[in-house]
Amino acid sequence: MNKKSYAGYIAGGIIVLLGIFVMVTYNGLVKKEEKVKQQWSEVNNSYQRRLDLVPNLVNVVKGQADFEKGTLEKIAEARAKASSAIATTGEPTAENINATNNAQNELASAANRFIAVVERYPDLKGTEAFRGLQTQLEGTERRVKFARKDFNEAVQAYNGTVRSFPANLVAGMLGFQTKTSFQSDAGADKAVEIKF
């Protein structure tokens with residue numbers, strides 16, 4: 001064999017290796033991107049569970065005590081905004097994450113104000129229905145916290161791959177961009193939670 005055929009084999013081998021590298025990197029990026037989407041769905045599922053429990057809490061309280069109209073209206077408005085935010089979010093873009101997070105924080109704040117009003121009714125707090133909903137809401141808040149944590153971890157793994165060399169070359173060529181995760185507001189160490 002002559003030098004030209006060796007050079008052809010070497011060039012062909014390099015092209016095949018580069019093709020395999022691009023294919024493996026692309027498939028890895030797709031898997032990590034799908035994991036981010038899956039975790040975003042889990043966050044929304046946890047938020048939906050919260051949304052489903054709040055009306056039950058309101059109904060138990062409405063049936064037991066004469067509440068001021070403004071308190072019930074505020075929690076209903078916050079729930080409607082949060083429900084709308086979940087319904088309109090698709091991809092976990094920075095805009096969708098911020099809109100959902102803001103609406104959920106508003107709902108949690110309204111629920112916390114509502115629960116503060118409930119504190120004035122010790123008989124209500126002692127009912128089995130209220131205690132059951134309290135337990136479910138506390139469990140839901142843990143689910144929200146862990147879903148957000150898992151989402152942030154999936155985004156971190158994805159972004160780490162998109163930004164690291166040499167995968168960043170493939171990511172740039174194929175249009176993979178870094179994603180946004182949940183961020184704490186300045187001066188806040190965590191998102192608003194419903195607390196009893």
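In the predicted model, T140 is buried, because its relative accessibility is 0% and residues under 20% are classed in this way. This threonine lies in helix α5, which spans residues 128-163. When residues up to four places away in sequence are left aside, the contacts of T140 are with S46, R49, R50 and L53.

L18 belongs to helix α1, which comprises residues 3-64. With a relative accessibility of 51%, L18 counts as exposed, since the cut-off for that class is over 50%.

Helix α6 covers residues 167-174. Within this helix, A167, V170 and A171 are buried. These residues lie on the same side of α6, because the arc that they cover around the axis is only 100 degrees. In general, an α-helix has 3.6 residues a turn, so residues three or four places apart point the same way. The face of α6 that is turned away from the buried side carries G172 and M173, both of which are exposed. After α6 comes G175, for which phi is positive, near 85 degrees.

Methods:
Residues are numbered from 1 along each chain as its sequence is written. This is a predicted model: local features need pLDDT of at least 70, side-chain atom pairs count only at pLDDT 80 or more; totals for chains, interfaces and linings use all residues. Side-chain values use heavy atoms; hydrogens and water are left out. Helices (H or I, at least four residues) and strands (E, at least two) are DSSP runs, numbered from the N terminus. Buried means under 20% relative accessible area, exposed over 50%, partly exposed in between (1.4 Å probe, protein chains only). The arc is that of the directions from the helix axis to the C-beta atoms. Contact means heavy atoms within 4.5 Å.
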